[in-house]
Amino acid sequence: MKRAIRTLILTVGIVGTFVAAAVQQVPAADGGPIFTCPQRTVQCGFPPQ
């Protein structure tokens, strides 16, 4: 019984990994990449933190 439970958990983990990898990525709202500013600069138009 213990071995069956371990096998079930391992199988669910492996199948879940493949399902998560098969999901398509969500694109950005404008269809382009998501740009981020480098640390300690305000050249992107964001207020300093």
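Q: Does Met1 count as buried or exposed, and at what relative accessibility?
A: In this predicted model, Met1 counts as exposed because its relative accessibility is 79%, and the cut-off for exposed is over 50%.

Q: Where is Met1 placed?
A: Met1 sits in the segment before helix 1, which runs over 2-22.

Q: Which residues make the nonpolar surface patch?
A: Met1, Ile5 and Ile9 make that patch, with an area of about 380 Å².

Q: Switching topic: how many helices and strands does the protein chain have?
A: The protein chain has one helix and zero strands.

Q: What span should helix 1 have, and what is found between its end C-alpha atoms?
A: With 21 residues at 1.5 Å a residue, helix 1 should span 30 Å. The end C-alpha atoms are 31 Å apart, which agrees.

Q: Why does helix 1 lie largely in the open?
A: Because zero of the 21 residues of helix 1 are buried. Buried here means under 20% relative accessible area.

Q: And what about the protein chain, how much of it counts as buried?
A: Of its 49 residues, 2% count as buried.

Q: What does the accessible surface of the protein chain come to?
A: About 5300 Å², and carbon and sulfur atoms account for 65% of that surface.

Notes. Residues are numbered from 1 along each chain as its sequence is written. This is a predicted model: local features need pLDDT of at least 70, side-chain atom pairs count only at pLDDT 80 or more; totals for chains, interfaces and linings use all residues. Side-chain values use heavy atoms; hydrogens and water are left out. Patches are made of residues with over 30% relative accessible area and no salt bridge: like charges are joined within 9 Å, nonpolar side chains (Val, Leu, Ile, Met, Phe, Trp, Tyr) within 5 Å. Accessible areas come from the Shrake-Rupley method with a 1.4 Å probe; for residues, only the protein chains shown count as cover. A salt bridge is a side-chain nitrogen of Lys or Arg within 4 Å of a carboxyl oxygen of Asp or Glu. Helices (H or I, at least four residues) and strands (E, at least two) are DSSP runs, numbered from the N terminus. Buried means under 20% relative accessible area, exposed over 50%, partly exposed in between (1.4 Å probe, protein chains only). The expected span of a helix is 1.5 Å times one less than its number of residues.
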